[in-house]
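Subject: Structure handover

Hi,

Here is the structure you will be working with. Please open it first, then read the notes below.

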Amino acid sequence: MDDFLAARLQMTVSFVFHIVYACIGMTMPWLMFVAEWKWIKTGQQVYLDLAKAWARGVAIFFAVGAVSGTVLSFELGLLWPNFMEHAGAIIGMPFSWEGTAFFLEAIALGVFLYGRNRVSNRMHLISGLVVGIAGVISGIFVVAANAWMNSPSGFDWINGQANNIDPMKAMFNKAWFQQALHMTIAAFASTCFAVAGIHAYMLLRHKDNDFHRKAIRIALSFGIVAAILQPLSGDLSAKNVAILQPAKLAAMESLFKTSEPASLVIGGIPNVKEEKVEYGLHIPKLLSFLAHGDFNAEVQGLDKTKKEDWPPVPIVHFAFQIMVLMGLLMMGTGILFLIFKIKWKENLDRKWWLIWLVGLTPVGFIAVEAGWIVTEVGRQPWIIYGIMKTRDAVTPMPGIQYPFYVITLIYILLTIFVFWLMKRQILAIQTNYQDILSHD
Amino acid sequence: MIEIIIFVLGIAVLLYVLLGGADFGAGIVELATGKKGINTISKAIAPVWEANHIWLILAVVILFNGFPRVFTTLTIYLHIPLFIVLVGIVFRGTAFTFRYYDIQQDNTQKHYTRIFRISSLLTPFFLGITLGAIILGNIPANVNGTFYEVFISPWLNLFTFTTGIFVTLLFGWLASIYLIGEAHDDKSYQTFAKTARIFFVSLILSGLSVFLVAEIYGLHLFMKFSQSLLAIGCVTLATVVIPLLWINVNRRNVLQTRLLAGIQTACIIAGWFAVQFPVMIFISGGSDLTVWNSQAPERTISLLVDALIVGILIILPAFAYLFKVFKFDNKGDEATN
Ligand code: HDD
Ligand code: HEM
Ligand code: HEM
């Protein structure tokens, strides 16, 4: 295997793996916080059970998140040393702030998971909140670093060297806000729908179980808000991409020719050779509106970019369609929930609704992975957009396929183990959770 | 400015060795003691290992932000040992957590235990190899050369092997000292005290062998140490502390024992620093990467300093709180988590 390809695949595998744990690490502390807060407020045992049951699972996810994140921070250099040599001084700053957030998170997590019998209830609750806040902040910092790769700023590129470096400007680049917002909401949407789905499955098997019903309620209270906000935030992102990275937007939409106005393509198979989309549904003028807020605006197509600088169009196109489809599914579910909440409340306990929730378990995470593929693959062939090609950043060490195989194998194994452990956990907890948790 | 960064980097390395090192060492001690210590070990490291681990991440971030060329030189030429370290970190962290958190206790824990122990041994060894490669100066100035010359021989030789052993023993020793304080009954106290003694003797011997092997490679560590006042001071202090340490172990003064072991480790690291500064990586041919020629531009450095100072003001009290909760009051010990 080509070393460059191997390096890219290794990076991809590492991120696709890490991002799942990152989302869970950002979101679960908030759910546990709410459960525990409700316990303190209402005194109902079931909320405490819930907080404890979740904590057991979260400890496992955090450990995997921490080690896979460590792998990433080394891989930036192991795989892309020429990138880091220039980028380190420019975007190291958000990472160094992130360090503080990680510390706080890990410390508070120690207290939250292991300190229930050692600190007061109040301190315990606060530590949960600190984990949640620190997790979200660290997510925002890393995403700001990634946004810089899409919208590089804060330096002058002269003769292959970065001059006049300003890390502040680099961090608060033109893409950071949209990406950080979209990512944070995505973490909540994906994790909450997954949690709701798992508890809905258990509720189907054990009717009238208050434990699972309350779990669904807490998870959905966050998940619904996130699901409804997400397409709005995605629209902001798309408008931003249209300005900053027109080639990425053109690839997302498979817009081969610059058009005024441009129509939105739904579905379809891009044919790169003949530069057209087959079988797609074309809605006139809609892309102009979505990208620029004006039904007659010009939208730049791939024809304005040298063909050798095109991102892999089909991958970006399919990934984008998948993300949007998942987003609309989740948004629809959110709106349905609100309608039922106001009017036909009994539906929320119906079997079909629970089955629907079970079906939605993976969709948030599918959208997260698809969205990152849009962002990262859509930026290709650039590692720093318009500045440095990914190919020029790769490590000179040959034989990268071997570390790639090793990492891939390890992550496949870990995924299997985590699923297996979760299954054991869930089955054990649902049959005799009071017994198990009373020992905690 | 840059001095502050170097200082924090040194502290991060020291704390990673002391805290993270003791966590790895716990796995090594488990290898030595078998089943006997397993409960003590699990309970002792479960709440703190993630926080302890972040000192390494801090060191990496300081490197790639403040000294990008140092970071990329390490990751290019020491790709292989660093990759093995990473694999070790992944296996150890996950195996430990899976073992501790698995809801049903049955046969599967045995496998986690085996992985936990082996990776606890492997990781410090390859960290030590990396350290040895930085000191040795066999890292080439560019990638022109055979695969062996460029990517293998800088780190695979007798010298790095001895530094690997040294770091492994250091971690094992720190863990046994630390676990002495966690032992709640006589028997486990005896076990850990005995392990600590064995590790200590081996550590001294392996330290000596590092110096001897260095002579073979023309490194002249003896001479370098004797020329630096700081290094002489460190060696003297470390020696003076030895009898005090063992008196305290025998009297079971937990806090004093840990403090003295910490001082000894600090002496080792400060001594290394004294003979190395201002070089960060020795390069073959003499174009070494120093603090001065590899640092990031001034604006980056000053922002990094700000971030570190603010960070430390937030982190240190939080850390103190964590250790107060888990290490200095023993109430609620019956609870499993
Ligand atoms: C639950 C997850 C989720 C959902 C439902 C959506 N997205 Fe998304 N999207 C992500 C999760 C995500 C992400 C994985 O978090 C990305 C990758 C990078 C980023 O900042 O967010 C992303 C990136 C991303 C980008 C690329 C940004 C860039 O490259 O800078 C665009 C244009 C959109 N999204 C647009 C949308 C639209 C129009 C959606 C409408 C339904 C949508 N997303 C739903
Ligand atoms: C700060 C955050 C991030 C940084 C610094 C970063 C950096 C990089 C780098 C250096 C590459 C190599 C270029 C390439 O092979 O295309 C890459 C590719 C990639 N990254 Fe990111 N990334 C970040 C966030 C993410 C996240 C969170 C994911 C998601 C899961 C992700 C997914 C990918 C994928 C899928 C590729 C492969 C693209 C391809 O092969 O064409 N990235 N990223
Ligand atoms: C270049 C990219 C990245 C690097 C180098 C990186 C590094 C790390 C590291 C070292 C950790 C472990 C911290 C600990 O020990 O607790 C971690 C965890 C975490 N990361 Fe990443 N990460 C990257 C991408 C991302 C992205 C894109 C996000 C999110 C949006 C993210 C969110 C998190 C969160 C929330 C955690 C803590 C939760 C957990 O440990 O499960 N990371 N990351």
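How many salt bridges does a search of the whole structure find over all chains? The search finds 9. Please keep in mind that this is a predicted model.

**A salt bridge between chains**

One of the salt bridges pairs A:Asp166 with B:Arg299. Their closest N and O atoms are 3.4 Å apart. This pair crosses from one chain to the other. On the chain A side, A:Asp166 sits in the loop between strand 2 (161–163) and helix 5 (167–171). On the chain B side, B:Arg299 belongs to helix 14 (residues 298–328). Across the interface of chain A and chain B, the rule finds 1 salt bridge.

Stay in that loop of chain A for a moment. A:Asn164 lies there too, between strand 2 and helix 5. Its phi is near 50°. That is a positive value in a residue other than glycine.

**The interface**

Now for the contact between the chains. In chain A, 66 residues are in contact with 68 residues of chain B. The size of an interface is often given as the accessible area lost when the parts come together. Here, the area buried between chain A and chain B is about 6,400 Å². Carbon and sulfur atoms give 75% of that area. Which residues of chain A lose the most area to chain B? They are A:Phe103, A:Tyr114 and A:Arg118. Together they make up 14% of what that side buries.

**A cavity**

Next, the empty space inside. Rolling a probe the size of a water molecule over the atoms shows where empty space is left. The structure holds 4 cavities of 30 Å³ or more. Look at the second largest cavity, which has about 90 Å³ of space. Its lining has 12 residues. Nearest its centre lie A:Leu109, A:Tyr114, B:Ala46, B:Trp49 and B:Glu50.

Which helix gives the largest share? That is helix 3 of chain A, with 5 residues. By type, the lining divides into 9 nonpolar, 2 polar and 1 charged.

Then look at the ligands. A:His18 lies in helix 1 (residues 3–42) of chain A. The iron atom of ligand 2 also has a single donor from the protein. That donor is A:Glu376, through OE, 2.3 Å away. A:Glu376 is found in helix 12 (residues 363–379) of chain A.

**Cis peptide bonds**

Finally, check the backbone at two prolines. A cis peptide bond joins A:Gln380 and A:Pro381, with omega about 5°. A:Pro381 is in the loop between helix 12 and strand 7 (382–384) of chain A. In chain B, a cis peptide bond joins B:Phe277 and B:Pro278. Omega is about 0° there. The loop that holds B:Pro278 runs between helix 12 (254–276) and strand 1 (279–281) of chain B.

Best wishes

Technical notes
Residues are numbered from 1 along each chain as its sequence is written. Chains are lettered from A and ligands numbered from 1 in the order in which they are written. This is a predicted model: local features need pLDDT of at least 70, side-chain atom pairs count only at pLDDT 80 or more; totals for chains, interfaces and linings use all residues. Side-chain values use heavy atoms; hydrogens and water are left out. On a 1 Å grid over the protein atoms alone, a cavity is a set of points where a 1.4 Å probe fits but cannot get out, and a pocket is an open set with protein on both sides within 12 Å along at least five of seven lines; lining residues have an atom within 4 Å of a point. Grid points are joined across faces, edges and corners, and a volume is the space filled by probe spheres set on the points. Helices (H or I, at least four residues) and strands (E, at least two) are DSSP runs, numbered from the N terminus. Ala, Val, Leu, Ile, Met, Phe, Trp, Tyr, Cys and Pro count as nonpolar, Asp, Glu, Lys and Arg as charged, and the others, Gly among them, as polar. Contact means heavy atoms within 4.5 Å. Buried area is the accessible area (1.4 Å probe) that two parts lose on being put together, summed over both. A salt bridge is a side-chain nitrogen of Lys or Arg within 4 Å of a carboxyl oxygen of Asp or Glu. Donors are N, O and S atoms within 2.8 Å of the metal (3.2 Å for Na, K and Ca); water is not among the atoms, so sites may look incomplete.
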